[in-house]
Amino acid sequence: MFISDNYDVNAQGNLTIGGVDTTELAAEYGTPLYVMDEDLIRNTLRRFHESFKKYYDGKGEVHFASKAFCCLEMCRLVASEGDGLDAVSIGELYTAVKAGFPMEKVGFHGNNKTDEELRFAIEHGVGHIIVDNLSELSRLEKIAKDMGVKARIMFRLKPGIDAHTHKAVMTGQIDSKFGFAIETGEAFDAVKEALSCENIELSGLHCHIGSQIFDIEPFEEAARVMLRFIADVKNKLGFEVKELNLGGGFGIKYLEEHDPVPFEVYMERVSAVVSKECEKLGIIKPFIFIEPGRSIVASAGITLYEAGSRKEIPNTRTYIIVDGSMADNPRYILYESEYEAVVANKASQPRDERVTIAGRCCESGDLIGENMPLQHAEAGDIIAVLATGAYNYSMSSNYNRLQKPAVVFVKDGKSRVVVKRESLDDIISNDV
């Protein structure tokens with residue numbers, strides 16, 4: 001009935017998430033409201049763990065891509081499961097530090113890291129700095145020298161893979177703004193440069209080919225390309241790369257017709273490619289990192305809204321206008337990302353209408369989705385948009401000076417606030 005098993009309908013006909021009635025959550029905490037199922041997050045992380053154990057002798061580590069959903073409690077949850085973190089800004093690093101996260105299990109990304117960010121990463125013992133360009137390498141060498149340390153790095157490489165996804169979330173092709181291209185020779189030159197640096201320790205290589213990818217073949221081919229490059233480095237420079245980060249980007253089920261490959265199948269097939277290629281190329285099997293984000297939190301989250309009005313335009317469309325907007329979910333205006341929605345207080349009824357769910361911002365394009373199947377909705381109904389756990393809270397804004405919603409975790413039939421709803425004072429807190 002639903003795109004994820006953690007959604008259900010109770011005896012009252014209301015939508016539940018993790019066994020908790022969503023209409024009760026809306027009444028207690030107000031709307032808009034982000035809700036996250038803690039058990040599903042933990043179970044998904046554990047599936048990745050078990051896959052590493054089963055298919056790669058446990059020689060791997062999961063780094064949660066915190067850009068998907070970052071707050072203190074999420075960092076604490078990831079740490080409690082023994083996983084690492086992929087951070088992309090000083091803000092995400094600072095959140096991890098304040099959460100007491102083991103910083104040696106953090107990889108620091110970014111295609112334009114500032115000197116302040118690089119110093120912060122070194123000061124707090126970040127495990128890897130994933131270097132994106134030669135300018136960054138040069139600055140990092142100087143900063144590390146000034147601080148009297150060796151900076152441990154990986155290089156982000158572009159394997160030149162077509163990831164079969166939306167062009168806005170493709171990252172591994174040659175004209176991407178991220179990383180060094182292998183096919184042009186710049187990646188090899190970067191490795192040579194790093195090996196000549198006194199305050200740089202090159203420990204591994206990284207690639208990421210895109211997001212919301214349903215096919216396994218691009219991941220397999222990316223692994224082959226990276227391992228061949230590692231063999232080339234060994235044969236020509238005598239340096240053996242011991243760590244390989246294959247990124248993330250695993251697709252999830254946003255719509256009923258989506259058919260993502262189970263994580264275990266991905267791990268089985270990519271691990272087989274790695275083992276076969278390493279034997280053929282005469283290189284050691286590297287320690288593998290992966291960086292799932294969306295696939296860990298997206299299905300675990302929903303957003304609850306209250307419908308404010310219904311507007312029927314004959315022979316055109318029907319609008320259901322909610323108290324949220326592009327400020328709490330900008331993904332439709334950015335990527336035309338599609339979602340499924342449910343009238344939470346009518347969840348047992350058929351979704352027999354097609355509607356456009358519109359937001360409250362002063363923008364004609366402020367839509368959550370168009371032509372969406374939904375139960376008949378009126379003002380006062382609670383609208384639940386499913387699978388919003390990734391890139392919704394983290395991409396939210398104060399456009400139109402709207403307050404950002406609260407985030408609530410549910411577990412064992414109980415709920416708790418992990419991010420408070422912004423107040424009006426919060427909106428003006430930095431004004432002078």
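In this predicted model, Glu-201 and Arg-152 form a salt bridge, with their closest N and O atoms 3.7 Å apart, where the term denotes a side-chain nitrogen of Lys or Arg within 4 Å of a carboxyl oxygen of Asp or Glu. The pair links distant parts of the chain, since Glu-201 belongs to strand S11 (residues 200–207) and Arg-152 to strand S9 (residues 151–158), 49 residues apart. Across the whole structure, a search finds 31 salt bridges. Strands (E, at least two residues) and helices (H or I, at least four) are DSSP runs that are numbered from the N terminus.

Residues are numbered from 1 along each chain as its sequence is written, and side-chain values rest on heavy atoms, with hydrogens and water left out. Because the model is predicted, local features need pLDDT of at least 70 and side-chain atom pairs count only at pLDDT 80 or more, while totals for chains, interfaces and linings use all residues.

An open sheet of 3 strands, with antiparallel pairing, has the order S1-S2-S3. Strand S1 (7–9) and strand S3 (20–21) stand at its edges with a single partner strand each, so one side of each is left without a neighbour in the sheet. S1 pairs with strand S2 (residues 15–17) in the antiparallel sense over 3 bridges, pairing being assigned if DSSP finds at least two bridges between two strands. Within this arrangement, Tyr-7 stands opposite Ile-17 in S2.

Helix H2 (residues 38–56) packs against helix H9 (residues 263–281) at an angle of about 30°, with the axes 9 Å apart; axes are lines fitted to C-alpha atoms, for helices over the stretch in contact, and angles run from 0 to 180 degrees between N-to-C directions. H2 and H9 are therefore roughly parallel to each other, a description that applies to angles under 35 degrees. The contact (heavy atoms within 4.5 Å) involves residues including Phe-48 and Phe-52 of H2 and Met-267 and Val-274 of H9.

Two backbone features were also found in loops. The peptide bond from Thr-31 to Pro-32 is cis, with omega near -10°, and Pro-32 lies in the loop between helix H1 (22–29) and strand S4 (33–37). Gln-212, in the loop between S11 and helix H8 (217–237), has a phi near 55°, which is a positive value in a residue other than glycine. Most residues other than glycine have a negative phi, and most peptide bonds are trans.

Methods:
Angles under 35 degrees count as roughly parallel, over 145 as roughly antiparallel, 65 to 115 as roughly perpendicular and the rest as oblique.
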